[in-house]
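Biologist: Before we discuss this model, could you put the sequence and structure on the screen?

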Amino acid sequence: MSTTVQSLVNQPYKYGFITQIESDTIPAGLSEDVIRLISAKKNEPAFMLEFRLKAYRQWLKMTEPNWAEVGYPPIDYQKIVYYSAPKVQEKKKSLDEVDPTLLETFEKLGISLSEQKRLSNVAVDAIFDSVSVATTFKEKLAKDGVIFCSISEALQEHPDLVQKYLGSVVPVADNYFAALNSAVFTDGSFVFIPKGVKCPMELSTYFRINNGESGQFERTLIVAEEGASVSYLEGCTAPMYDSNQLHAAVVELVALDNAEIKYSTVQNWYAGDADGKGGIYNFVTKRGLCQGVNSKISWTQVETGSAITWKYPSCVLVGDNSVGEFYSVALTNNRQQADTGTKMIHIGKNTRSTIVSKGISAGNSNNSYRGLVKVGPKAEGARNYSQCDSMLIGDNAGANTFPYIQVQNNSAKVEHEASTSKIGEDQLFYFTQRGISLEDAIAMMISGFCRDVFNQLPMEFAVEADKLLALKLEGSVG
Amino acid sequence: MSIPSTSVSVTSSAAQTRAAYLSHLLALAQRSETTLPWLRELRDHAAVRVQEQTFPSTRDEEWRFTDLSDLLAVELAEVGGAEVQAAKLAELAKFYLPEADQSRLVFVNGIYAPQLSSLHHLPEGLTIGNLVNLPEAAQQHLQTYLAKQTGAEEVFTALNTSGLSDAAVVQVRKNLVVETPIHLLFVSTSSPALIQPRALVIAEPNSALTIIEDHVTLNEGVYFTNSVTEIWLGDNAQANHTRVQRDNLAAFHIGKTAVSQARTSRYTCTVVNLGAKLARHHLGIHQTGEQTETTLNGLTVLHGEQVGDTHSTIALTKPYGTTRQIQKNIVDDRAHAVFNGKVFVPKEAQLTDAGQLNRNLLLSSKARVDTKPQLEIVADNVKCTHGATVGQLETDEVFYLQSRGIDADSARKLLVHAFAYEVIESIPLASLRQHIQL
């Protein structure tokens, strides 16, 4: 590893600022009273409080899982603030009423909430700490019958829909962090695409953690009815704190007959400094249910941030001929740890799934792919193709793969391949000898390595993801 | 994952059953006798290791897909030396290999059977025999090797050591190339019994040998074979090891092969698993020097309700290691194949080239496969790949053969055979290849 390249600037985390804004924060700690308080503050229907309390009681009986290839000091759940909201509590009619400091924050992050200024066709729901701040393009979407709002708003306006689908894919006691989320989640996005509607624009949610002690527990629920389709994006950043913050989100997707959901994530939470101090613990449960025939759920993720990433976006393929896809780039640098992958559960006939995972580990980081492909006895003709490639940069980085393949049907066809490689000195030499600088050469090679995944991202995000990766790796390649 | 509260009481009583069974196994193992004080010490030490552990359940990651609860219901007994009945053992001749007719060690129920073994015209420098009959000097020497492999503390390995009263020993002196293949024949005749065969193979620097380890049976009843084979390869030594398991379909078989490879040594292993109701083989390769070569070929053929589990651990610790692994499973009826292949490449093992392939052929709609290839890599200048496939016979291929006048049944047989052939052809002995016609 040449030292000249090593010493190239390590791009500082540019989203690390803290917004000085008054917030309505409840004291740290978790108890049934806190849950009642959250529920009351949000003026929720009675079934929600029951849902939360059921989850909490289950959570108390559960123990924290420890099977992942990640290490972290024990989390004190009584020291976390479970509710923190920007103080202006009146629900905003238009963006003019939103606190200007908040708007500025989102401007800084490159998320323009002012609709007029926007040229691109993306509707945004912005979530600050625990509460949804603003949702754009709502009226336009409503014309097509598309509901896109924060989940607390949905609980007020469409409680029946929420009650019908919430917890139907990720049950309250699914796992430790999902149970915690079910008990205390404060906001998130709700998307409902009615029968036969193709959502006219990309939907997007932007998550921001601001408070140093707060955890972010958001809940996203996307329902696509028969023949509907939607593409949804999520982005996330957080300020730099020395302490670690917990992010335990739950995302549920439901696709009915012939529906299609595409869910893309560009995750750039604060990853901690070079010595691994601070950063977000990103323990997320994401699961999509292909309930109907011919339905399709596609996950695309670019994971670059977080001190620890621990998530497995999954597809449960119940409907016959349904399709699940998972495209992932996970990059770890410095002391970051990632244990990520997917689960493809084939239940229906002729279900198909594709897994493409690219892991890049640099510095002292550790990057694991953990995946499950399960073909049930009734899944005649199921088909899976998995490919997981790792690239190691520097000889202190680790790459692990743990693919589980469980097949109980002989008509299924499952293929898995994995490889590990490095950026070769001779490849770099070839580039530089043609007059291309070292940084550009590395950026190009990484971008080529991740091409299969970036191709799945919507255009603007693909460009952003490409740049993000190049920035993250600067100073670590050679 | 947490245990749902409702099943807590059930789980704890199941845990008690497992603990009781492990004590029962240990007590049985310890009944075998030994007069050697150093062996007594080794056994006691292993017994402590067993007591510290629990009998595995499917909640243990290593045993997640292999359920041993059927074994818990089996009341095992001690094996007696008297069971070596000559009349029945005439049948054993069918397992003899003409290539190794004068270099055969036979163990009946884990006990050495000198009248069946055949050791003639062997080169000077080759020590072959059973541990307790070896000269004291040789025994002294073997103490530094016996039960000293990495992973000796694992519960079934320690259980074997805790009852160790004798072992098959093969030692090849420095610079000696043994041309004759050595046949280690382990036969079980007793039921219900706990049978614990043990083998120790030492290849000194620059030596070479071929070993056939064959587990066969002459009875139809239930028994539990818990075998351990330890292989030590010195610098530049070469070993070609074939392990065949042909236990009866009521038997349980847990086997361990632990291999330690010094600098530039070459180890080739071909494992064929055909028998047992539940069979598990754990192959542990530990590299201790640079530039080692490891080739692992595995074939598991299962039908009925058999369970066949292959675990392999390849731990590379030095640069320039090469490993090639292929594991093929053919699963019919309601059988269940398990594969878990681990490859560890720490920072020191730069320039490692590791390849692993697991291929599964499912012949029935009720057959089941659980596979988990696993790579853990820290070194950056390495080439590591793994692949896994699960599928059935291609209808196109069957059709092609049918169109050439071969009936569907024969066509399928032909294709299954072709699938297995890649592994079978790596067996170095023609007579043994003949035995393993599917």
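Modeller: Chain B has nine helices and 21 strands, where helices (H or I, at least four residues) and strands (E, at least two) are DSSP runs numbered from the N terminus. This is a predicted model, in which local features need pLDDT of at least 70 and side-chain atom pairs count only at pLDDT 80 or more, while totals for chains, interfaces and linings use all residues. Residues are numbered from 1 along each chain as its sequence is written, and chains are lettered from A and ligands numbered from 1 in the order in which they are written.

Biologist: What is the radius of gyration of chain B, and what does the globule rule give for 438 residues?

Modeller: The radius is taken over C-alpha atoms, and the rule is 2.2 Å times the number of residues to the power 0.38. The C-alpha atoms of chain B fill a box of roughly 65 × 55 × 55 Å along the principal axes. Chain B is as compact as a globular protein of that length, because the rule gives 22 Å for 438 residues and its radius of gyration is close to that, at 22 Å.

Biologist: What percentage of the 478 residues of chain A count as buried?

Modeller: A residue is buried if 20 or more other C-beta atoms, placed from the backbone, lie within 10 Å of its own, exposed if 12 or fewer, and partly exposed in between. By that criterion, buried residues make up 46% of the 438 residues in chain B. For the 478 residues of chain A, the value is 56%.

Biologist: Which strand of chain B pairs with β6(B) over seven bridges?

Modeller: Strands count as paired if DSSP finds at least two bridges between them. Strand β1 (residues 103-108) of chain B runs parallel to β6(B) and is joined to it by five bridges, with B:Val187 in β6(B) as the bridge partner of B:Val108. In the pairing over seven bridges, which is also parallel, B:Ile182 has B:Ile211 as its bridge partner, and the strand in question is β9 (residues 208-217).

Biologist: Is B:Ala147 buried or exposed?

Modeller: B:Ala147, in the loop between α5 (136-142) and α6 (155-162) of chain B, has a positive phi of about 60° although it is not a glycine. Since 25 other C-beta atoms lie within 10 Å, B:Ala147 is buried.

Biologist: Which residue of β21(B) is the bridge partner of A:Glu415?

Modeller: Counting as contacts those residues whose C-beta atoms, placed from the backbone, lie within 7 Å, 36 residues of chain A are in contact with 34 residues of chain B. On the side of chain A that touches chain B, the elements giving two or more residues are β23 (398-407) and β24 (413-422) of chain A. β24(A) pairs in the antiparallel sense with strand β21 (residues 383-391) of chain B over seven bridges. Within β21(B), the bridge partner of A:Glu415 is B:Thr389.

Technical notes. Two residues are in contact if their C-beta atoms, placed from the backbone, lie within 7 Å.
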